[in-house]
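Here is a short briefing on one protein chain. Read it with the structure open beside you.

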Amino acid sequence: MRAVTVNDVLDGHVALDIECLDRIYLNAYVPTLQTSAQVAAFLTRHLGFPFPSPALFKQLGDRFRRSVRAFADTGDIPWVTFDKHDNKLEVMRPHLARQAATGRSGVAAVGVAQEFQRVWTAYQRQTQTGAAQFSFTKADRRVTCYYFYLWDADFGPAFVKVCAYFPYPAKIWLNGHEWVKRQATGAGIGFAELSNGFAACDDPAALQAICDRLGPGHLNVFTQRWLSLLPLPFGQTDRDAGYWWECSMRQIEVSRTLVFDAPRHARGFFEALIADNLDIGRPGNVEIIFGRQIRSTTKGVFRTAIDRHDNKGVVVNVFYKHSRIKQYLKDGRAMRIETVVNAPRDLGCNARLHNLDELQTKARACNRRILDAERVGQGCVLASPAFERIAHPTVDTAGRRTRHFGSAILGSWPWSAPCAPPCWRPPASPTRACAPWLAVCSAPPTATGR
């Protein structure tokens with residue numbers, strides 16, 4: 001029976017191959033509040049206070065807290081207090097489903113949590129005159145964060161998280177696949193869903209074109225639209241003065257999904273893949289996959305980890321600096337490759353949102369190269385009938401075994417145990433590949449052998 005390789009499965013049994021932005025997690029920050037001088041200018045020149053006191057942070061934060069509570073009460077929006085062990089998305093899922101059932105964009109619920117955030121704090125300095133002076137510096141503090149869980153007509157489920165302490169850093173989470181699904185539905189393209197993906201499509205080329213269209217402009221429109229609708233610590237006057245949020249990339253997942261024509265091909269392919277690629281996270285291999293030069297002085301993590309989950313199967317993680325590639329079997333019928341970029345500079349990109357297209361191009365190349373490496377890795381498997389005839393003896397009608405030219409060479413190749421051809425005489429200089437079979441090689445020939 002012929003061995004089935006990665007190339008056999010990829011070349012003959014892939015029904016759909018789609019590349020798309022997956023989970024998107026953005027930082028929102030106010031560029032004009034990133035230095036101590038800018039903080040002092042905001043408190044004095046913009047707000048008009050006589051001197052920049054850290055006591056003002058609490059006043060501004062309390063005003064923001066009251067506005068959020070009033071927003072929830074006025075709109076009859078559920079108020080959820082998170083426990084530190086809660087899975088926030090699971091807790092909010094019923095509220096999101098209820099809002100989705102209306103078919104209208106809206107805030108499904110407001111969640112409240114205590115979390116560590118990078119905020120401004122101040123220390124009083126002693127002066128010769130006795131006048132109060134404060135030194136502003138950033139520090140990690142445990143503060144209140146508000147999660148506005150949304151259902152958006154274009155992006156589906158999402159959330160905007162806003163810290164209740166100055167300078168009010170925010171986070172935005174959304175999903176590229178959800179946007180593509182809604183665009184495909186609007187274009188009349190029929191498809192079947194995977195969990196967070198596509199299982200089948202009537203027009204794969206048109207679907208891929210929609211995936212390619214999603215870019216920083218769409219994300220910025222989503223962000224600014226919702227920031228203008230939610231209760232926030234900055235108003236229109238602050239925005240006109242330049243105190244408003246801009247976005248940068250915190251975590252971007254770029255996925256490639258290969259859907260197989262039969263679940264058995266997906267399972268067989270993935271199990272074989274794991275055994276053959278445990279060392280793909282070595283620095284030299286990672287350098288090829290991520291397209292970044294690695295020297296002996298390069299800092300970061302370079303390794304492969306195989307995580308086994310009872311209900312979700314096996315996940316291959318290839319780590320590179322702060323980022324990684326995940327490869328796993330999805331819904332029992334598709335292979336998902338995800339390049340998860342936690343620091344855009346890992347791929348040589350800047351973090352501001354307008355660099356998303358460049359980042360996505362490089363991440364897609366990572367997804368392609370890891371698959372290319374896996375193809376090459378199984379390119380030497382003993383799978384061709386021609387190699388079978390060369391490597392294995394044949395038996396003629398008289399029961400005599402014939403050893404073909406080339407079997408001695410093939411017998412010394414470093415194949416794994418299941419693929420190693422049997423030897424009938426001990427080699428002149430046993431190699432490492434033959435070592436496990438020295439006992440067999442040294443056995444005397446049978447009556448029918450020669």
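**Strands side by side**

Strand S1 (residues 14-29) pairs with S9 in the antiparallel sense, over 13 bridges. Keep in mind that this is a predicted model.

- Valine 254 in S9 is the bridge partner of leucine 21.
- Valine 254 also stands opposite threonine 339 in S13.

**Nonpolar cores**

- In soluble globular proteins, nonpolar side chains tend to be buried together.
- Which members of the largest nonpolar core touch the most other members? They are Leu26, Leu219, Trp245 and Ile252, out of 90 residues in that core.
- A second, separate core has 16 residues. Among them are Ala108, Tyr147, Tyr149 and Trp173.
- Isoleucine 252 has contacts beyond its neighbours within four places in sequence. One group is Leu21, Arg23, Ile24 and Leu26, and another includes Thr339, Val340 and Val341. Leu356 and Leu359 are also in contact with isoleucine 252.

**Aromatic pairs**

- The count of aromatic pairs comes to 25.
- One of these pairs is phenylalanine 64 with tyrosine 168. The ring centres are 6.3 Å apart. The planes are at 70 degrees, so the pair is edge-to-face; the cut-off for that label is over 60.
- This pair links distant parts of the chain, 104 residues apart. Phenylalanine 64 is in helix H3 (residues 55-74), whereas tyrosine 168 is in the loop between strand S5 (156-163) and strand S6 (170-175).
- Are these two residues buried or exposed? Phenylalanine 64 is buried, with a relative accessible area of 2%. Tyrosine 168 is buried too, with a value of 1%.
- Phenylalanine 166 and tyrosine 168 also form a pair, with ring centres 5.6 Å apart. Their planes are at 80 degrees, so this pair is edge-to-face as well.
- Phenylalanine 166 has 0% relative accessibility, so it counts as buried.

**Backbone details**

- What is the form of the peptide bond from phenylalanine 166 to proline 167? The bond is cis, with omega near 10 degrees.
- Proline 167 lies in the loop between S5 and S6. Tyrosine 168 has its place in the loop between S5 and S6 too.
- Phi of tyrosine 168 is near 60 degrees, a positive value in a residue other than glycine.
- Aspartate 76 also has a positive phi, near 50 degrees, and is a residue other than glycine.
- Aspartate 76 lies in the loop between H3 and strand S2 (79-81).
- Aspartate 76 has 70% relative accessibility, so it counts as exposed; the cut-off is over 50%.

**A buried charge**

- Where is aspartate 346? Its place is in the loop between strand S13 (334-341) and helix H11 (356-377).
- Aspartate 346 is buried yet has no salt bridge.
- Which side chain of opposite charge is nearest to aspartate 346? It is lysine 321, 5.1 Å away.
- Aspartate 346 touches Arg292, Tyr320, Lys321, His322 and Ser323, leaving out residues up to four places away in sequence.

How values were computed:
Residues are numbered from 1 along each chain as its sequence is written. Side-chain values use heavy atoms; hydrogens and water are left out. Helices (H or I, at least four residues) and strands (E, at least two) are DSSP runs, numbered from the N terminus. Buried means under 20% relative accessible area, exposed over 50%, partly exposed in between (1.4 Å probe, protein chains only). Lys and Arg count as positive and Asp and Glu as negative; His and the chain ends are not counted. A salt bridge is a side-chain nitrogen of Lys or Arg within 4 Å of a carboxyl oxygen of Asp or Glu. Contact means heavy atoms within 4.5 Å. A nonpolar core is a set of buried Ala, Val, Leu, Ile, Met, Phe, Trp, Tyr and Cys residues joined through side-chain atoms within 4.5 Å. Two strands pair if DSSP finds at least two bridges between them. Rings of Phe, Tyr and Trp (its six-membered ring) pair if their centres lie within 6.5 Å; planes under 30 degrees apart count as stacked, over 60 as edge-to-face and the rest as tilted.
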